[in-house]
Amino acid sequence: MKILITGCNGQLGNEMQLLEKENLQHTYFNTDVAELDITNEEAINRFVEENEIDGIVNCAAYTAVDKAEENQELCMKLNATAPEYLAKAIEKRGGWMIQISTDYVFDGTNHRPYVETDAVCPNSTYGRTKLAGEEAVLASCKKSMIIRTAWLYSTFGNNFVKTMIRLGNEKPELGVIFDQIGTPTYARDLAVAIFAAINKGVVPGVYHFSNEGVISWYDFTKAIHRIAGIKDCKVRPLHTAEYPTPAARPHYSVLDKTKIKQTYGIEIPYWEESLQECVTKLLG
């Protein structure tokens, strides 16, 4: 198959490129804004037609959650309009699309892991635009798959793991939120799941993916420091109210992964095993 990957310079896009070397049966077109402006419908249609694209994995998004509150128009363009353009273009070719979404489509008031059929209720611009993107893709491409994920990190780009290692080495003390609960996702594990879907054949619908287990940001930070060997930084638990942000965060965003595991026959690693792998690579 000829597969278009958008957002190839991001965390997930970079992990996808590494795994392409293990999936040489396909031809890949790795693009970011320099190679393909996904907010330009004409450019997308031309690219998809000229390169005879069979499937699209859209890893591109506006992910600056707090800045999104000020840049609502750009956020909507990247998170909703662009995915719709991609979905319409690949639908004309009878192809498939995988759209990456987020736990922010929920308001985080659940007390049990979210399943795909739970009512969506985003309470931030980021969440609303990502939900609009999901709806547009599902409506525009019959063979479309939405994967909602959460707390993404990797060895690439800027992310929570890298920031906590840096701050842990710079500061004697850190305050980290303890009353927001979820599960980290190692971008490489998500990329592995995406390739499982590509190689088995995309089964349309909405899916959830993160690593296994449940923790708070505070617990996550303690684990990062322990694995990275950071001993001289005291980590204090903070309430969300003590750390106000422009965009509301879900207090509970644990995702139930049963559907993706059963559909594609995959096993998902425990969060701490994946964190160990990532931190070892970062410090190696």
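Biologist: Lys 261: what's its relative accessible area?
Modeller: Lys 261 has 27%, which makes it partly exposed. Partly exposed sits between buried (under 20% relative accessible area) and exposed (over 50%), with a 1.4 Å probe and protein chains only. Bear in mind that this is a predicted model: local features need pLDDT of at least 70, side-chain atom pairs count only at pLDDT 80 or more, and totals for chains, interfaces and linings use all residues. Residues are numbered from 1 along each chain as its sequence is written, and side-chain values use heavy atoms, with hydrogens and water left out.

Biologist: Which side chain does Lys 261 meet in a salt bridge?
Modeller: Glu 212, at 2.7 Å, N to O. A salt bridge here is a side-chain nitrogen of Lys or Arg within 4 Å of a carboxyl oxygen of Asp or Glu.

Biologist: And what does that pair tie together?
Modeller: Parts that are 49 residues apart in sequence, because Glu 212 is in the loop between strands E10 (205-208) and E11 (215-216), while Lys 261 is in helix H8. Helices (H or I, at least four residues) and strands (E, at least two) are DSSP runs, numbered from the N terminus. Glu 212 is partly exposed too, at 22%.

Biologist: How many salt bridges by this rule?
Modeller: The count is 16. Asp 66 and Arg 249 form one of them, at 2.6 Å, N to O. Asp 66 is in the loop between E3 (55-58) and H3 (72-92), and Arg 249 in the loop between E12 (234-238) and H8 (258-264), so this pair links parts 183 residues apart in sequence.

Biologist: What about Glu 84, which partner?
Modeller: Lys 88, with the closest N and O atoms 3.1 Å apart. Both lie in helix H3, 4 residues apart, about one turn of the helix. Glu 84 is partly exposed at 25%, and Lys 88 is partly exposed at 37%.

Biologist: New topic. At what angle do the axes of H1 and H6 cross?
Modeller: Roughly 55°, and the axes come within 9 Å. Axes are lines fitted to C-alpha atoms over the stretch in contact, and angles run from 0 to 180 degrees between N-to-C directions. H1 covers residues 11-20 and H6 residues 187-200.

Biologist: Which residues make the contact?
Modeller: Contact means heavy atoms within 4.5 Å. Among them are Leu 12, Met 16 and Leu 19 of H1, and Leu 190, Ile 194 and Phe 195 of H6.
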